[in-house]
Amino acid sequence: MAVLGIIAEYDPFHNGHLYHLRSAVSAAAPSAVIVALSGVFRQRGGPAVFSPFVRAECALDAGADAVVSLPVLWTVRDAEHYALGAVFLLSSLGATHLAFGAENADLPLLQQTADLLEDQPEPFRGMLRGLLAEGTGYPAALARAAGSCIPECEALLNRPNNILAVCYLRAVRRLGVSLTPVIIPRIGSYHSECISPVSPSASAVCASLRRGAWQDALSALPPFSQKAVRAAFLSGTTPDPKKLDAVLLARLRSMTPGQAALMPDCGEGLGAALLKASAAASSREELISLLTTRRYSASRISRLCTYALLGITGKRLSETALPDSALLLAIRKNPSLTGPWKSGPVRVRPAAEWLEKADPADAEAFRIWGMCSGLSGGFPCTERTVTR
């Protein structure tokens, strides 16, 4: 009996997501679909535009059977650790298949690349060390080092969905779990600023909504997502960027150099540079722009901002165990969702009881996001797990 797992953000749920989900269901013919969803912060560090409960309900409308929130200490991570936490969560909840997109849907090459990055032979490690010492950013250095061993790998690792696909396969191998890959070819550009109604970029849709170009943005969403997006904006329950910027800059400007040095990925004086830039910047976006270089990607700086916002240290991150609990965002009645849900390694809790058992970082993430979205301090306990 197949149970399909999907790792997603759905911020917002657009036509490309619907295509991906339906294609995966068609390929795997599962008895149930479980989605591991980013919560109130995304993998690249920025705040989610829409509540995870809103996005989870859209996932149910599209055909998912259950949606759980990936803890923030696994969400706001590099692709390798993001994949590790999400794959563990889904496999623990009974998934037998894992669906993901890739610009290059060549499974043997993706698996070969994943094996190379897991084994890391000495020629690979030597070249990677040399490139990093020269000041090359880690993603580019990784791709070039992999390409020196398997030429096709360099181009493969220069595309965002391919990188995540390789990380999912690495996680499956590292965890020793049995998950059958279901690869859906990525259509369109992940970073495109233009909105394609068929396969849009979520960031382009959000940017369009923020500037009031509703017609273009809504054309890229299925009807149920259009309704949810309209309701969220009209009710004012999306985060106010200015409020989030103010909280972040206030937090950074009150930090000492010693505190900044304790944050993850803050070596080589990056912590001190972050504090200096925070004194000059007037927004998160400007702060990221001031610090982004060939060596430090915008995603790395963005995640660093969220670590500062939530008080996450490098020690805390390195000691974080694989997820043992998850917030249940949405579920429909399905007899296939038993067994691991009751006695497995991950405890799934509905919104009404989740907060009292939540990790402090998760609780702080929901508190800040809710406060900046005009929601009560009890968010997410003031929300109900969506049921069907």
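Student: Which residue follows α6, and what is its phi like?

Tutor: α6 is followed by G135, and the phi of G135 is positive, near 100°. The helices here are DSSP runs (H or I, at least four residues), numbered from the N terminus.

Student: Before we go on, what kind of model is this?

Tutor: It is a predicted model, in which local features need pLDDT of at least 70 and side-chain atom pairs count only at pLDDT 80 or more, while totals for chains, interfaces and linings use all residues. Residues are numbered from 1 along each chain as its sequence is written, and side-chain values use heavy atoms, with hydrogens and water left out.

Student: Back to α6, what should its 12 residues span?

Tutor: Helix α6 covers residues 122-133, and at 1.5 Å a residue it should span 16 Å, which agrees with its end C-alpha atoms being 16 Å apart. The expected span is 1.5 Å times one less than the number of residues.

Student: Which residues of α6 are buried?

Tutor: F124, L128 and L131 are buried in α6, where buried means under 20% relative accessible area and exposed means over 50%, with partly exposed in between (1.4 Å probe, protein chains only). These three cover an arc of only 65° around the axis, which puts them on the same side of α6; the arc is that of the directions from the helix axis to the C-beta atoms.

Student: Why would residues a few places apart point the same way?

Tutor: An α-helix has 3.6 residues a turn, so residues three or four places apart point the same way.

Student: And what covers the buried residues of α6?

Tutor: The cover includes α5 (107-119) and α7 (138-149), and contact here means heavy atoms within 4.5 Å. The face of α6 turned away from the buried side carries the exposed residues P123 and A133.

Student: New topic: at what angle do α4 and α9 pack?

Tutor: Helix α4 (residues 79-92) and helix α9 (residues 160-175) pack at an angle of about 55°, with their axes 8 Å apart. Axes are lines fitted to C-alpha atoms, for helices over the stretch in contact, and angles run from 0 to 180 degrees between N-to-C directions. α4 and α9 are therefore oblique to each other, since angles under 35 degrees count as roughly parallel, over 145 as roughly antiparallel, 65 to 115 as roughly perpendicular and the rest as oblique.

Student: How do α13 and α17 pack?

Tutor: α13 and α17 pack at about 75°, with axes 9 Å apart, which makes α13 roughly perpendicular to α17.

Key
Helices (H or I, at least four residues) and strands (E, at least two) are DSSP runs, numbered from the N terminus.
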